[in-house]
Amino acid sequence: MANVVVVGAQFGDEGKAKVTDLLAKNADVVVRYQGGCNAGHTVVVDGNTYKFQLIPSGILYKGTVCILGPGMVIDPKQFLEELKNLKARGLDASGLRMSAGAHVTMPYHLAIDSAEETSRGEFKIGTTKRGIGPTYADKCARTGIRVEDLLDRKVLKAKLDWLVPNKNVVLERLYNLPPFKASEILEEYSEYAKQLAQYVCDTSAIIFQSVQERKNILFEGAQGTLLDLDHGSYPYVTSSSPSAGGACTGAGIGPTIIDRVIGVSKAYMTRVGEGPFPTEQTGEAGEKLRQTGKAWAEVGVVTGRPRRCGWFDCVLARYAVRVNGLDCLAITKLDVLDEFDEIKVCVAYRNLETGETHNELPSIGSSFSKMEAIYKSFPGWKKSTSSCRSSKELPKEAQNYLNFLADDLNCPIAIVSVGPKRDQTIIIEDPIHGPKRVLTRAG
Ligand code: IMP
């Protein structure tokens, strides 16, 4: 294989888990580099559905080293619950490793996430309420608790004795919520620490060693490019860096070790939570996208909220190609479009206030919400694609649709997924060794 980063090229929920599962088969090491249990990755193997939130889905392959990187935020209670469930289903967790430097989501983070959301009123983000933003905020403020702190009771006690009273001021005075007791958190989290300890290490060293041994490493992004803290639709973003650059800081590697970046997009588009979505369909088409295919029911894996649905947006996809330096794309859920008479693709935006046309995402984030989609229409294929296993087997209209996307985005489509099962996949180009976009030339 090679060292490959898989990123979501839309607003998250692109079907990355299926693509990472496909690639993880040949990976020696799979690394999650950001986010926490706000992610929900679903993989279907032999009729069994596995849902992952913190643990890399590479755990499905026995012997694969699965790393929770330092860029992640970890809720130990959720981690242990997920681990227990996976072990109960017979999965081997011996390859699991957790970075000592990852930050820990504490109970006050969960309380603050919910309280902040409520207090934002019309400015709410629609977070998953998993404490993600407050945990990263503490990391940046240098008041976070890292996994290594959990393992040292003295350090944990000292930090909690200092931090909990501060958090209680916010909880009690700002939000009128009950305070936490540092001593209770200390006992609860020391207990988690005992169970976590066996997995904790310097994961960056393992990755570097694997690079030197020419092993294959897969970096698994959670969420998506448009939810990236720096490059997404701020403030309607998550608090980490899902885009390809995040793999370096979040895993503790240099960019020189990355061979490929693969972007994953649905054949249409969805968004969970608040924020602009120019191609959103609130009428019949949106409902049809949401309802189509039981296995693909469009609800958030973590929160169960219905996903907002809309047409593929080339403006955003071109942006994702740019900020991630994508080499190729995996297009998922093509089968969801099987029954549409007409399929639309957004090719540019019109500013509703000025009437100006934009081929690129506007540089001023606030004007994004004023953008109306300009569409190109494609005839639907009105045939099932779910049993197609090569691009030639796809209806002509579906081939035209995909060819248009690849041309418009100037990015080859390597993989097309036509259903949730592992074998419902069309490999157009080898995603690892096939043609890639040549962005730069040395010399
Ligand atoms: P947070 O990550 O819980 O702070 O939520 C921030 C925004 O990101 C909200 O709009 C969430 O709905 C969205 N979000 C977070 N994680 C995911 C995900 O895994 N898939 C899709 N949306 C997500």
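This is a predicted model: local features need pLDDT of at least 70, side-chain atom pairs count only at pLDDT 80 or more; totals for chains, interfaces and linings use all residues.
**Exercise 1. Overall form**

Determine how the radius of gyration of the protein compares with that of a compact globule.

*Solution.* Begin with the chain length, which is 443 residues. A compact globule with this number of residues would have a radius of gyration near 22 Å. The protein has 22 Å, so the value agrees with that of the globule. Next, consider the extent of the C-alpha trace, which spans about 65 × 55 × 50 Å along its principal axes. Of the 443 residues, 57% count as buried. The secondary structure comprises twelve helices and 20 strands.

**Exercise 2. The ligand site**

*Solution.* First, identify the shell: 15 residues surround the ligand, and the closest are D13, N38, T128, T238 and V272. By class, this shell holds six nonpolar, seven polar and two charged residues.

An N or O atom in the side chain of T128 is 2.6 Å from an oxygen atom of the ligand. For R305, a polar side-chain atom lies 3.0 Å from a ligand oxygen. Q223 places a polar side-chain atom 3.2 Å from a nitrogen atom of the ligand.

**Exercise 3. Residue S367**

Decide whether S367 is buried or exposed, and find the backbone oxygen that its side chain reaches.

*Solution.* Locate the residue first: S367 sits in the loop between β17 (357–358) and β18 (371–379). Its relative accessible area is 13%. The limit for a buried residue is under 20%, and therefore S367 counts as buried. Finally, the side chain of S367 reaches the backbone oxygen of I364 at 2.6 Å.

**Exercise 4. Residue D92**

Classify D92 by its relative accessibility, and state the separation of its C-alpha atom from that of K62.

*Solution.* D92 is placed in the loop between α2 (76–88) and β7 (96–99). Its relative accessibility is 27%. Although D92 and K62 are 30 residues apart along the chain, their C-alpha atoms are separated by 6.1 Å.

Technical notes. Residues are numbered from 1 along each chain as its sequence is written. Side-chain values use heavy atoms; hydrogens and water are left out. A residue is near a molecule or strand if one of its heavy atoms lies within 4 Å of it. A polar contact is a pair of N or O atoms within 3.5 Å; within protein, one must be able to donate a hydrogen and the other to accept it, and residues adjacent in sequence count only if both atoms are side-chain atoms. Ala, Val, Leu, Ile, Met, Phe, Trp, Tyr, Cys and Pro count as nonpolar, Asp, Glu, Lys and Arg as charged, and the others, Gly among them, as polar. Helices (H or I, at least four residues) and strands (E, at least two) are DSSP runs, numbered from the N terminus. Buried means under 20% relative accessible area, exposed over 50%, partly exposed in between (1.4 Å probe, protein chains only). The radius of gyration is taken over C-alpha atoms; the globule rule is 2.2 Å times the number of residues to the power 0.38.
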